[in-house]
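Here is a short report on one helix and on the aromatic pairs. Look through the structure first, then read on.

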Amino acid sequence: MSVNYGSKRIVVGAHYGLRDWLSQRITAALMVLFTFVVLAQVLFTRGPIGYELWASIFAAQWMKVLTFAIIVALIWHVWVGMRDIWMDYIKPVWLRLSLQVFTIVWLVGCAGWAIQVLWRL
């Protein structure tokens, strides 16, 4: 007879816990740091805040690469969160897998759109 409580509890499942928790915290911290970088550039720039200011902030190649890296972190952050929501609350397997596929397609589309916006393909 197997025991499913206490210290002898049998753990089943995908065992994503620590890795997902850590990835959520790291990606969130990266997004916060990026927000501070952009805010600092806006606050310490003279002149009116308009399209020209925003375009100048994101014109440098290093800023484009940094922004895309943060977008990738955001996509990973969203994927982990949405996958956990789908796994926890959607019980029919066909619906859960359909929502996961839709989420992946949506996030890949968002990444493609971000590339177009950043590098004007």
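## Helix 1

A residue counts as buried when its relative accessible area is under 20%. The model is predicted. In helix 1, the buried residues are Asp20, Ser23, Gln24, Thr27, Met31, Phe34, Val38 and Val42. Helix 2 (51–57) and helix 3 (61–89) are among the elements that cover them.

The length of helix 1 can be checked. Helix 1 runs over residues 17–43, a total of 27 residues.

## An aromatic pair between helices

The whole structure holds three aromatic pairs. One of them joins phenylalanine 68 and tryptophan 119: the ring centres are 6.1 Å apart and the planes are at 65 degrees. Planes over 60 degrees apart count as edge-to-face, so this pair is edge-to-face.

Phenylalanine 68 lies in helix 3 and tryptophan 119 in helix 4 (residues 93–119). The two are 51 residues apart, so the pair links distant parts of the chain. Phenylalanine 68 is partly exposed, at 22% relative accessible area. Tryptophan 119 is also partly exposed, at 28%.

Phenylalanine 102 and tryptophan 106 form another pair. Their ring centres are 6.4 Å apart, with planes at 25 degrees. That angle is under 30 degrees, so the pair is stacked.

Both residues lie in helix 4, four residues apart, or about one turn of the helix. Phenylalanine 102 is exposed, with a relative accessible area of 53%. Tryptophan 106 is exposed too, with a relative accessible area of 53%.

Definitions and conventions. Residues numbered from 1 in each chain as written. Predicted model: local features only at pLDDT ≥ 70, side-chain atom pairs only at ≥ 80, totals over all residues. Heavy atoms only, no water. Expected span 1.5 Å × (residues − 1). Buried < 20%, exposed > 50% of the residue type's maximum accessible area, 1.4 Å probe, protein only. Contact = heavy atoms within 4.5 Å. Phe/Tyr/Trp six-rings, centres within 6.5 Å; stacked < 30°, edge-to-face > 60°.
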